[in-house]
Amino acid sequence: MLLRFSFGRLACLSAAVFAGHLVAARPASACPAPLPAAAERMSLALTEAHVTRREPVRVLAIGSSSTEGIGASGPDRTYPHLLEQSLRGAWRGTPVEVTNAGIGGETADRTLARLAEALGRPVKPDLVIWQVGTNDAITGGDEAAFRRRLEQGVALVRAAGSDLIVLDQQYYPAIPDHARYERFVGLVAAVAQEAEVPVFSRYALMKDWNRQDPALLAGMLSSDRFHMGDQGYACLAQALGRDILDAVTPRPEPLQAVARAKRQKLPDSASLRRG
């Protein structure tokens with residue numbers, strides 16, 4: 001399936017559809033309205049097959065500090081933990097385990113090495129959520145090398161037969177070089193687009209919070225105004241959970257036909273940026 005899940009379009013189902021299944025640090029009503037929905041869903045074929053057969057679903061959430069949960073008040077307020085609770089509530093009868101493999105401060109090369117190790121084990125994850133790119137963008141990493149590592153990571157997950165969602169960089173008020181930072185965001189989108197891998201864009205989601213009201217974004221961040229706090233992680237888990245649930249929930253055939261009819265050529269990476 002050709003996928004058009006880029007900057008913010010993955011954070012985007014109607015709040016009423018799955019709100020009853022989602023667990024968050026605060027009520028779902030405390031999260032802002034989602035961005036407009038995309039015409040097509042992400043493709044998570046292996047995960048969907050496991051849920052259909054009520055077989056265990058193993059999710060590997062790997063990345064840096066946003067996955068580890070720096071800024072959260074405790075391990076039970078991190079996005080992987082909240083996502084696990086959400087999916088368990090929705091997929092009753094299907095065992096769900098979300099492993100938090102986040103290590104603060106990592107750049108893509110270090111995470112890539114750990115990802116390769118995890119995928120080389122006899123029991124592989126059914127779904128990998130790879131949070132990547134923030135530290136590479138702000139620490140002076142080489143753009144071409146970053147792209148290669150993204151491509152290598154996608155290839156590793158594909159070879160292992162696991163599903164993959166890429167979670168891109170966060171938006172925060174003190175980005176030192178917006179042009180450079182957005183080039184790195186664009187690289188995530190471009191590589192995923194070429195590989196037809198879904199991207200959940202935190203960057204667009206958080207930038208939209210800031211566009212609505214800077215105080216709204218501030219309330220999602222921890223005291224360092226860089227990492228998310230409890231509410232930010234809760235709303236991230238809620239939005240990501242909606243899209244995962246949508247991907248593995250059968251749609252009525254008329255809706256599938258509408259989605260197929262709306263398929264168009266993918267935009268280039270420049271046009272994916274939201275102002």
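**Reading the loops, the core and a helix pair**

Tutor: Let us begin with a loop: Arg54 lies between α2 (45-53) and β1 (57-63). Please keep in mind that this is a predicted model.

Student: What is the phi of Arg54?

Tutor: In general, most residues other than glycine have a negative phi. Arg54, although not a glycine, has a positive phi of about 60 degrees.

Student: Is Arg54 buried or exposed?

Tutor: Arg54 has a relative accessible area of 57%. Exposed means over 50%, so Arg54 counts as exposed.

Student: Which loop holds Arg225, and what is its phi?

Tutor: Arg225 is found in the loop between α10 (214-220) and α11. Its phi is positive, near 60 degrees, and this residue too is not a glycine. Arg225 has 43% relative accessibility and therefore counts as partly exposed.

Student: How many helices and strands does the protein chain have?

Tutor: The chain contains 12 helices and five strands. Of its 275 residues, 53% count as buried.

Student: Which residues have the most contacts inside the largest nonpolar core?

Tutor: That core has 70 residues, and those with the most contacts inside it are Tyr79, Trp91, Val128, Ile129 and Ile244. Helix α11 (residues 230-247) supplies the largest share of this core, 10 residues.

Student: Where is Ile129 placed, and is Ile129 buried or exposed?

Tutor: Ile129 belongs to strand β3 (residues 127-131). Its relative accessible area is 0%, so Ile129 is buried. Ile129 and Val59 are 70 residues apart in sequence, but their C-alpha atoms are 7.4 Å apart in space.

Student: Which residues does Trp91 touch?

Tutor: With residues up to four places away in sequence again not counted, Trp91 touches Thr47, Val51, Val57, Val96, Ile244, Leu245 and Val248.

Student: How does one describe two packed helices?

Tutor: One gives the angle between their axes and the distance between the axes. Here, helix α5 (residues 108-119) and helix α7 (residues 143-160) pack at an angle of about 10 degrees, with their axes 10 Å apart. Angles under 35 degrees count as roughly parallel, so α5 is roughly parallel to α7. Among the residues in this contact are Leu112 and Leu115 of α5 and Phe146 and Leu156 of α7. By class, the contact has nine nonpolar, two polar and two charged residues.

How values were computed. Residues are numbered from 1 along each chain as its sequence is written. This is a predicted model: local features need pLDDT of at least 70, side-chain atom pairs count only at pLDDT 80 or more; totals for chains, interfaces and linings use all residues. Side-chain values use heavy atoms; hydrogens and water are left out. A nonpolar core is a set of buried Ala, Val, Leu, Ile, Met, Phe, Trp, Tyr and Cys residues joined through side-chain atoms within 4.5 Å. Buried means under 20% relative accessible area, exposed over 50%, partly exposed in between (1.4 Å probe, protein chains only). Helices (H or I, at least four residues) and strands (E, at least two) are DSSP runs, numbered from the N terminus. Contact means heavy atoms within 4.5 Å. Axes are lines fitted to C-alpha atoms, for helices over the stretch in contact, and angles run from 0 to 180 degrees between N-to-C directions. Angles under 35 degrees count as roughly parallel, over 145 as roughly antiparallel, 65 to 115 as roughly perpendicular and the rest as oblique. Ala, Val, Leu, Ile, Met, Phe, Trp, Tyr, Cys and Pro count as nonpolar, Asp, Glu, Lys and Arg as charged, and the others, Gly among them, as polar.
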